[in-house]
Amino acid sequence: MQGIIEILREEHDEILKFIVELRGKCVDFMEHDTMDMEYFRNAVSFIRNFADKAHHQKEEKILFQAMMERLGTVAINLIQHGMLVEHDLARLHVMELENALNAYEKEKTPENKLDIIANAVGYCYLLKRHVDKENAVVYPYAEKNLSADVMKQLDEEAVRYMEQLQNS
């Protein structure tokens, strides 16, 4: 059975591949005025269903919750004032990206084009930095400071969460 940290890191790899592709689509849109609306709609769906629902929710409901309950003020500050703020900012970028896509479908103005690119690229920058912080700081901190018993429990919770998502 994979552990929660290994699962989360593998999901980060998928998210990083996705943001490289998303940036490429933004460049195409900017340079060649080629808007692949289906791609951008699917990107919003991927972010909401995989990056947020599957990945961020697993962090928030399982790992981060355990860290805040068991590791005190440092963990609470790291999670509440860092990771959760960034998760919410990512959600804002996605909401604004979707609004910009809707506006662009109605009226293909330079401003609407700019809003699509700005929010998509903003999301990409945010997630790249966010993934780096989690991989380099948050996950090692959890691995170092949470007991083996707690980590085993979190591993099991992560597997159950993933099974629930697959069955819903």
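This briefing describes the cores, salt bridges, cysteines and surface of the structure shown above.

The structure is a predicted model, in which local features need pLDDT of at least 70, side-chain atom pairs count only at pLDDT 80 or more, and totals for chains, interfaces and linings use all residues. Residues are numbered from 1 along each chain as its sequence is written, and side-chain values use heavy atoms, with hydrogens and water left out. The largest nonpolar core has 27 residues, and a search of the whole structure finds 14 salt bridges. The number of disulfides is zero.

**Nonpolar cores**

- A nonpolar core is a set of buried Ala, Val, Leu, Ile, Met, Phe, Trp, Tyr and Cys residues joined through side-chain atoms within 4.5 Å. Buried means under 20% relative accessible area, exposed means over 50%, and partly exposed lies in between, with a 1.4 Å probe and protein chains only.
- In the largest core, the residues with the most contacts inside it are Phe18, Leu22, Phe40, Ile116 and Tyr123. Two or more residues come from each of α1 (4-32), α2 (37-70), α3 and α4 (110-145). Helix α4 gives the most to this core, with eight residues.
- Helices are DSSP runs of H or I with at least four residues, strands are runs of E with at least two, and both are numbered from the N terminus.
- Phe40 is in contact (heavy atoms within 4.5 Å) with Leu22, Lys25, Cys26, Met35, Leu101, Ile116 and Ala120, when neighbours within four places in sequence are set aside.
- A second, separate core has 23 residues, among them Leu63, Ala66, Leu146 and Met151.
- In soluble globular proteins, nonpolar side chains tend to be buried together.

**Salt bridges**

- A salt bridge is a side-chain nitrogen of Lys or Arg within 4 Å of a carboxyl oxygen of Asp or Glu.
- Lys113 is buried at 17% relative accessible area, whereas Asp33 is partly exposed at 48%.
- Arg41 pairs with Glu105, and the closest N and O atoms are 2.7 Å apart. This pair links distant parts of the chain, with Arg41 in helix α2 and Glu105 in helix α3, 64 residues apart. Arg41 is partly exposed, with a relative accessible area of 25%, and Glu105 is partly exposed at 46%.
- Asp132 forms a salt bridge with Lys128, in which the closest N and O atoms are 2.9 Å apart. Both residues lie in helix α4, four residues apart, about one turn of the helix. Relative accessibility is 36% for Asp132, which counts as partly exposed, and 40% for Lys128, which also counts as partly exposed.
- A network of salt bridges links Asp52, Glu60, Asp88 and Arg91.

- Glu11 lies in helix α1 and counts as buried, at 8% relative accessibility.
- Residues up to four places away in sequence aside, Glu11 touches Phe50, Ala54, His55 and Lys58.

**Cysteines**

- A disulfide is a pair of cysteine sulfur atoms within 2.5 Å. Cys26 is in no disulfide, and the nearest cysteine sulfur, that of Cys124, is 6.1 Å away. For Cys124, the closest cysteine sulfur is in Cys26, too far for a bond.
- Cys26 is buried, with a relative accessible area of 2%, and Cys124 is buried at 3%.

**Backbone and surface**

- Asp33 is not a glycine, yet has a positive phi of about 55°. Most residues other than glycine have a negative phi.
- Leu89, Leu92 and Met95 form a nonpolar patch on the surface, and together have about 240 Å² of accessible area. Patches are made of residues with over 30% relative accessible area and no salt bridge; like charges are joined within 9 Å, and nonpolar side chains (Val, Leu, Ile, Met, Phe, Trp, Tyr) within 5 Å. Accessible areas come from the Shrake-Rupley method with a 1.4 Å probe, and for residues only the protein chains shown count as cover.
- Met95 is found in helix α3 (residues 72-106) and counts as partly exposed, at 39% relative accessibility.
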